[in-house]
Structures are given as C-alpha cells and as structure tokens.
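Please consult the display while working through the numbered points.

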Amino acid sequence: GKGWLFAASGVNDGPLPTHYEPFESPVITGLYRQRTNPAAKVDDSPLNPLARPDDDRYPIVATTYRLTEHYLSGGMSRFDSWLNELQPAMFAELSPQLADERQIEHGDWIVISSPRGEIEARAMVTPRLRPLSMNGRVVHQIGLPIHFGYSGEVTGSQANELIPITLDPNVSMHEGKTLMCDVRKGRLAQHSDVPSVDFAKRPNNKPMKDTEYEAQPEGGTA
C-alpha cells in the first residue's frame with residue numbers, strides 16, 4: 001500500500017522523519033552514521049553546553065514526565081491544598097541498584113546535575129526503574145516530574161533547569177524530555193522547598209484572603 005503524510009508546506013526533515021538519538025545520549029545509534037537530527041535547531045550558546053556520549057561526568061539518563069495531581073506546569077495546582085497533600089514534594093525516581101551505588105536511601109535529599117545546572121529533590125527509590133544494558137555496559141536512568149517551582153503551598157526545584165535547548169526543525173517542539181546527568185547525595189546551598197504562601201487547612205469556611213502578586217503562580221514583580 002501507499003501512505004500520505006499531510007503537511008501543508010512540507011517538513012524540514014522529510015519527506016518522512018526518522019528516529020535519531022537525543023542530542024544527549026549515552027550511545028551511538030546503530031542504525032546509521034548520523035547520530036542526531038541534522039535539521040534540528042540547537043541554541044549555540046555558552047549557556048547551553050551539551051554532554052557527549054563519552055562524557056563520564058554525566059553517565060545517567062534522565063527523563064521528565066507529568067504527574068496526574070499537578071497537571072500542566074504545576075503553577076496552578078501547587079496552590080491547591082488537596083492536590084498538594086497527594087504530591088507534596090519534588091522527587092527523583094531511581095533504581096535500587098543506582099541508590100546502592102551512590103549510598104542513597106529512600107527519602108534522602110539528592111542533587112541532580114547536568115551541563116546546564118543543578119537541582120535538588122527527594123530520592124524515590126523504586127524497582128519501577130531498572131538499569132539498562134547498552135553496548136555492553138550498564139546505564140542507569142532516573143525520572144523527574146516537571147511540575148515544581150518556586151511559588152505555591154509546596155515548592156521545589158525545576159527539572160527544566162537541567163535540560164538542553166534543542167528544538168525540532170518544524171514546529172520548534174522541545175526535545176528536553178531526555179538528558180544526561182549525574183546524581184549525588186546531599187542538598188543545594190539554597191533550599192528549594194520554601195513555600196511562598198501558607199498551607200490552607202481544610203475545611204475552612206472563612207473567606208480566603210487574596211494571594212499577593214509575588215506569591216501567585218510562577219511569581220513575579222509588580
């Protein structure tokens with residue numbers, strides 16, 4: 001049979017896009033000589049360094065994802081006390097094997113670093129994540145939710161501070177769901193879990209006072 005890709009003005013990496021490795025990946029693709037998408041848009045800036053596959057400083061794969069309780073950015077849901085009771089803190093999922101290597105216990109504070117910066121999170125040690133075998137070596141992976149930030153009843157480090165700026169060639173969709181990083185036990189000097197508003201106790205029949213502008217979702221200055 002035949003297929004037809006509908007694109008009003010064509011695609012920049014067509015006629016049909018193919019799979020490439022992310023710009024930060026621990027392996028060289030075995031499919032073809034071109035490892036990453038040559039048509040992708042990459043911010044060529046000193047603020048956007050990329051880790052190479054052989055960079056021993058960042059041996060761990062990190063992927064970001066959403067939580068049901070903090071849908072979208074989290075700037076709205078972090079002001080909802082019911083949701084905050086369900087997901088009260090920024091965390092990082094890691095396998096028991098990686099936790100054992102780094103002497104990390106479930107619930108410990110850990111620091112995740114990439115070529116762009118560092119964040120802190122609580123360790124969530126779970127067998128849901130498993131080490132990967134790639135080209136004859138073990139590669140660990142961690143998972144990071146995207147919803148935490150500096151404003152709300154609950155706050156935390158922003159996973160997006162770690163990701164590289166790499167965009168697809170057609171609609172500039174961000175590739176930052178995958179990156180290379182490292183993990184160590186500890187905390188940052190500037191703690192990230194300081195609420196910007198008081199936690200609302202429920203039930204509360206009294207009128208809620210207005211949230212100051214600086215403490216509203218994503219914060220700001222007047």
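1. Over the ring of which residue does the charged end of arginine 66 sit? That ring belongs to tyrosine 71, with the charged end 5.7 Å from its centre. A charge sits over a ring if NZ of Lys or CZ of Arg is within 6 Å of the ring centre and within 35 degrees of the ring normal.

2. The model is predicted, so local features need pLDDT of at least 70 and side-chain atom pairs need 80 or more, while totals for chains, interfaces and linings use all residues. Residues are numbered from 1 along each chain as its sequence is written, and side-chain values use heavy atoms, without hydrogens or water.

3. Arginine 187 lies over the face of tryptophan 109, 3.6 Å from the ring centre. Arginine 187 is also one of the residues in contact (heavy atoms within 4.5 Å) with serine 192, neighbours within four places in sequence being left aside.

4. The side chain of serine 192 reaches the backbone nitrogen of serine 157 at 3.4 Å.

5. Leaving aside neighbours within four places in sequence, the contacts of leucine 94 include Ile110 and Ile142.

Key:
Polar contact = N/O pair within 3.5 Å; in protein donor to acceptor, adjacent residues only side chain to side chain.
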